[in-house]
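Work through the exercises below with the model in view. Each task is followed by its solution.

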Amino acid sequence: MLCHDVERVVYFFLDGTLDKRRQDDFQHHLDLCSECETRTIFHRRIRVFLKRRLAPVSAPARLKQRLTRSLRAFAE
Ligand SMILES: [Zn+2]
């Protein structure tokens with residue numbers, strides 16, 4: 001996995017929704033690339049911050065499905 005791949009799938013990694021092989025590839029890249037490791041930590045902190053600050057909102061099921069399909073297509 002290269003740096004630009006990491007950037008594309010970082011939120012899938014943080015969600016734990018990558019398949020096992022890609023999750024391992026991502027982690028392996030972080031072990032070797034301090035820039036991507038730093039960016040991933042930054043993204044993780046933003047997520048934690050937003051979760052604490054924002055009230056939970058539930059999107060309609062059809063919207064979730066469309067967004068999930070779009071994000072997966074983008075990540076591949
Ligand atoms: Zn990198």
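**Exercise 1.** In what order do the elements of the chain run from the N terminus on?

Solution. Starting at the N terminus, the order is α-α-α-α. The count is four helices and zero strands, where helices (H or I, at least four residues) and strands (E, at least two) are DSSP runs numbered from the N terminus. Residue numbers start from 1 along each chain as its sequence is written. The model is predicted: local features need pLDDT of at least 70, side-chain atom pairs count only at pLDDT 80 or more, and totals for chains, interfaces and linings use all residues.

**Exercise 2.** State where confidence in the chain is lowest and where it is highest.

Solution. Take the chain average: a pLDDT (the predictor's confidence in each residue, from 0 to 100) of 92, with 100% of the residues at 70 or above. Then go by element: helix H4 (residues 61-75) is lowest at a mean of 89, and helix H2 (residues 20-32) is highest at 96.

**Exercise 3.** Describe how helix H1 packs with helix H3.

Solution. First, the geometry: H1 (residues 3-15) and H3 (residues 34-53) pack at about 30 degrees, their axes 10 Å apart. Axes are lines fitted to C-alpha atoms, for helices over the stretch in contact, and angles run from 0 to 180 degrees between N-to-C directions. H1 is therefore roughly parallel to H3 (angles under 35 degrees; over 145 is roughly antiparallel, 65 to 115 roughly perpendicular, the rest oblique).

Next, the residues: H1 contributes Cys3, Val6, Val10 and Leu14, and H3 contributes Cys36, Thr40, His43, Arg44 and Arg47; contact requires C-beta atoms, placed from the backbone, within 7 Å.

Technical notes: Two residues are in contact if their C-beta atoms, placed from the backbone, lie within 7 Å.
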